[in-house]
Amino acid sequence: MRIMRYIGKRMIFIGPQLLGIILVSFFLVKLIPGDPAVMMLGPMASESTLEELRADMGLNLSVPQQFLIYIENLVLHGDLGRSWQTTRPVTEDLFLRMPATLELITLGLILGLLIGVPLGVGAAYLKRGILAKFSDYYGLLAGALPDFWLALVLIFFFYTILGWVPPPLGRLDFFTIPPPTITGALLIDSLLDGNWQALSSAAGHLILPVLTLGLISGGPILKMTQSTMDRMLESDYSRYEEMCGLPKAIIIRHALRNSLPSVVTIVSVLYGFLIGGAVLVEIVFSWGGAGQYAVQGVLNADINPVLGFVFFSAVLSLIIYLIVDLIYFAIDPRVRG
Amino acid sequence: MSKDSSHTFKVSRRTILKGSAAVAGAALAPGALSLGQAQAQDRANTMVVAAPATPQSLDSEYDVSLGTFEAVACLYDGLVAFEKKPDAGVPTASREDITDYPDKPGGVNLVGKLAESWEVDPNGTSVKFHMRKGVKSNWGNELTAEDVVWTWHRKLALGAIGGFYCNTIDLTRPEQVKAEGSHTVSFNLDNPNPLLLKLQPNLYNPIYDSTKLKEVATDEDPWGRSFLENNSAGFGPYELASLVRGQQAVYKGRADYYGGKPAMENVIFKEVPTSANRAQLLQGGAVDIAQYLQPLEIIALRNAPNVAVETIQATFMIWIELNAKMEPFDSIDVRRAMNFAFPQEQIVKTVFQDLASPLTACMPDLYPGYNDDYWEYGKQDLDLARELIKGAGHGDGFTTSLSYNAGDPVQEPMAILYQSALREIGVNLELNKIPAATFYNNVSERKQPMIFYVDSPWCPDPGYSMNLYFHSKSFINYSNYENARVDELIDGAAKTNDQAARLEMMDEVQKHVMREAPWVFGISPGYTMARSKDLMGWTYYTSNNMRFQDFYRAS
Amino acid sequence: MTHISDDDADARATNPDASDPDAHVGRRPSTIGGRAQVFLQGFRFLLAVLRARPMFAVGYGIVVSVIVMAIFAPLIAPYPPETANPTDFLQPPSWRHLLGTDATGMDIFSRIIYAPRIDLTIAIAGTAISAVVGSLIGATVGYYQEVGGAPSFFSGVVMRSADVLQAFPVFVFAIALVAIFGQSLQSIIAAIAFLNIPIYLRLMRSQVMSIRRMRFVEASYVAGTPDRFIILRHVIPNSMAPVLAQLSVNIGWSVLLTAGLSFVGAGVVAPTPEWGSMIAMGFQNIITGQWWPSVFPGIALAVTVFGFALVGASVEVLADPARRRALSGNMRQHRAKES
């Protein structure tokens, strides 16, 4: 029942936290210069038409009033407003774009785990070998590389010179018929649809961006794994196991299991960060993701996409942290007890 | 809705600015997430265009975004169009014949589209059009004079782009457009106006299907505004098959078009926001036309085997507005100095890779009445510039700022080159990058000392061009230029049909303007058509867009 | 950067030596001579460490060179960084232009050398501000956390606000700030400072929470020392270690963020030399085959951030007594092997 109480305690905060996030973003975004009416109707509209549109959009009300209207729309109707650039409701746009970003990030982090965890364990265990040195360098380097630059270099290398991957033009080939949207993740949807052409096209287009994100996120994952494993292997119980003559594999496995909370932490942090942080990679690959959508919104004073994106990503982040804490409960007996 | 008859209306802007806003704002499209289009079309009758943006709105009363131009061009026909002639330099291209023909009615060489024939009143105050019979709209309604009347009444009522055109031809009352029978319509002005006929071929003077639009009208929306945002109701060769903003638009040739079904029956207009990607798609053969490419990309495409890249003289002008109401640009000498310092040739060579020419006048060099005799800033003369600045009382120089559009990739390097040149005459230039969507607001607010502007006047008439940019009451006169004599001349030229007299007056206007330099006269970039080698028929229009109905495949 | 979400996890994760009575090893002596001695000792120790772990030396080397580049740029760079030279545009690397030129003919090598002036200024200023502000708030919050009543409630509010701030997508927030305040150095610094405050806040807070439980702090409290004295004189100096380590890493990360902002177009004004801005300006050219305007600045950027990360790692090792012991142990073994 401790779980229930814990979840309950957290849930109480979620509402106000979300409200706080929307509040801050609303007032922040409202400060960005730019008159949406002029930008929607264009320069040729007459003053009266502009005034009409402003009244329609509620722009002539005070900012707190506009905020209340926004909240009302959001809570009562699930309406996040419209983007003046795409002229579509923000919810529609986000339903298209969020899965693109999430698919990319998830695969990128999986690759990061596949790179980071084994290297981290190996480096922690074989303290002085080449592996340890390599992991050290890699960990630091991965955190130092600008992701958009790495993406450019990879494109130049694998596409312009070698021609091994399709051009960086988005998620699918130009003429491929996309599968019907079920989850929004192209790989899954095309599998479910049996659409092999779309599957191979989507996979081809995913290679470079996932590689970019994986190589970069592998760094922090590796460092966290290594340092935690280090500490675990130094700890008393590990030394005791060694003294008792337990086989290496088991010692490592135990240490690894105890390192899991930290690894889970770092992955969750990265996930939350990448939802908005992958935008640069999205731009380089014309991915059409949610982060790109929000950034274009900020640059062009298109308020609703930005707010919608912040809201979505905040909800996702909070859910992720909740899941992470539940995972702690599951794997860490100390927290439970 | 009140209609102000002074020149305060915002004009239909063929600005690349708004288009750039659409481009920058629309960098959202996933690769090919279209809604179930089976694209395995027959190459012979299908054309694919990679464009910077899909149309924002299909209503030519309000929208000047890039994608809308092509949409209006294929969905609608006007009453008349310019006759075509082959381009002098590029044999595969045609142009509009915009030369002055003093013997023809209205002085223009026109071919009838929705109108079969027309008569111009000898005193130039009225034109009568005889409409073609048996023309059907995409909704099946037949063309009548009422459609023309309704269209122009809409312009008067809504008062945006169409309103500007009404002003230009001095049309102020609905009764001035009259149906005289089922297939005859007349325009009756109070005073002779030289543009009455010349403005009709303009891209943004299409004729609407009033029958359909009256059907969908409501009390709050009597002119079909919300309908026309997403649908078309007209007599053009295409109809809109589907439109997913941010992704693509699909146009289908109409079998019942009075001119016959267009050769390219299916046109897929795909949004590809990055120019490099558009070039890639063309190179790989995935698209037939790649619009709006950067100079380096165009050069690179010249080597592609299945691609034809042709650049011809166009009506684009890129210049820098010098705000005459802000120091130090209230001084004519300082403005002239800025022009003497501008490194035109260097920019043409490096930024534009010679795909442009220096702007040597204040109107496009294609247009009748263009005169570059008054051009004195040809050689970059830094010494003279320094002298002028000193003479104007600014000693060893001054500091000012130049604003440029983040969405237009040529503006930043131009600004940087100019900054370096200005340093040598003691002018310290701060560069101010403005995001594409808010750029136009900055231009129209007139609060910046120097700001880029890109434009082309669509009507091939000197009076029209001069009026737009140099009449003190014009909304587009963003440089705050004021010269009473120039105003007088422009007003005079708007009220007479005597073309010879008009040309003289506009010549004098050019003399004043070139000497008083309200602009830094920049560059005239060419229009480039980058297409599959077997796609023929392209025609250059002064509105700098293409019409899908011109194209056909070479066999 | 680590975001830690649970109060208990905070204390556990960052201060495993909370129960170690010797943790307050960093106590400062009170005489000048004594202090000088400690300083010299530390310095000699640092040299020994650098010899034992050469990677750290590389890191310090990089940081020093970058700072030197920033200060002496006019003396080192062969060409002026902001003067366009149209005749030389987009030249590949050659003897005249070591790293080639960009689209307006500016020498890339010179611009790379001038870039640290901007990047480091922004990064160091932003990080310093956020460190100071965040640490002060965090220390206060951590100190009063357990007290209960109004201060505790206030702490809760601050922590939840920090949550909200950190839940914000970093990029969108930074770009929004720059869009509002205009593109200038100050707004970028403000954006970076703002974004990093929660990090130092949390770090300091969890450190303080564990330090606070120690006997010597209690002793101070019992002796009647005012709270703020305790915080400033006892608690903060002893909590500095992770903050110092974080500083260097943060600087590196801020440089990356500035570059990212410039890449999107919300960073420094053209043609200011700045690595991210240079990468952005060269972005278009990569597809047409001119790779050098974008690749070289990226390498410079990566190496710089790498250097700062190494310095941060070294500070981490030096500041953590357990790892310092491990390192000394290694060094002794190493020296033993040598002799």
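Helices (H or I, at least four residues) and strands (E, at least two) are DSSP runs, numbered from the N terminus. With that in hand, we can find Ser401(B) in strand β17 of chain B, which covers residues 399-405. Welcome to this predicted model, where local features need pLDDT of at least 70, side-chain atom pairs count only at pLDDT 80 or more, and totals for chains, interfaces and linings use all residues. Residues are numbered from 1 along each chain as its sequence is written, chains are lettered from A and ligands numbered from 1 in the order in which they are written, and side-chain values use heavy atoms, leaving out hydrogens and water.

Ser401(B) has a relative accessible area of 14%, so it is buried (under 20% relative accessible area, with a 1.4 Å probe and protein chains only). Not counting residues up to four places away in sequence, Ser401(B) is in contact with Leu429(B), Glu430(B), Gln448(B), Pro449(B) and Met450(B); contact means heavy atoms within 4.5 Å.

Now let us turn to chain C and chain A.

| Item, chain C and chain A | Value |
|---|---|
| Residues in contact from chain C | 45 residues |
| Residues in contact from chain A | 48 residues |
| Buried area | about 4,200 Å² |

Buried area is the accessible area (1.4 Å probe) that two parts lose on being put together, summed over both. Carbon and sulfur atoms give 81% of the area between these two chains. Several elements of chain C give two or more residues to the side that touches chain A, including α1 (7-14) and α11 (292-319). The most comes from α11(C), with ten residues.

Technical notes. Buried means under 20% relative accessible area, exposed over 50%, partly exposed in between (1.4 Å probe, protein chains only).
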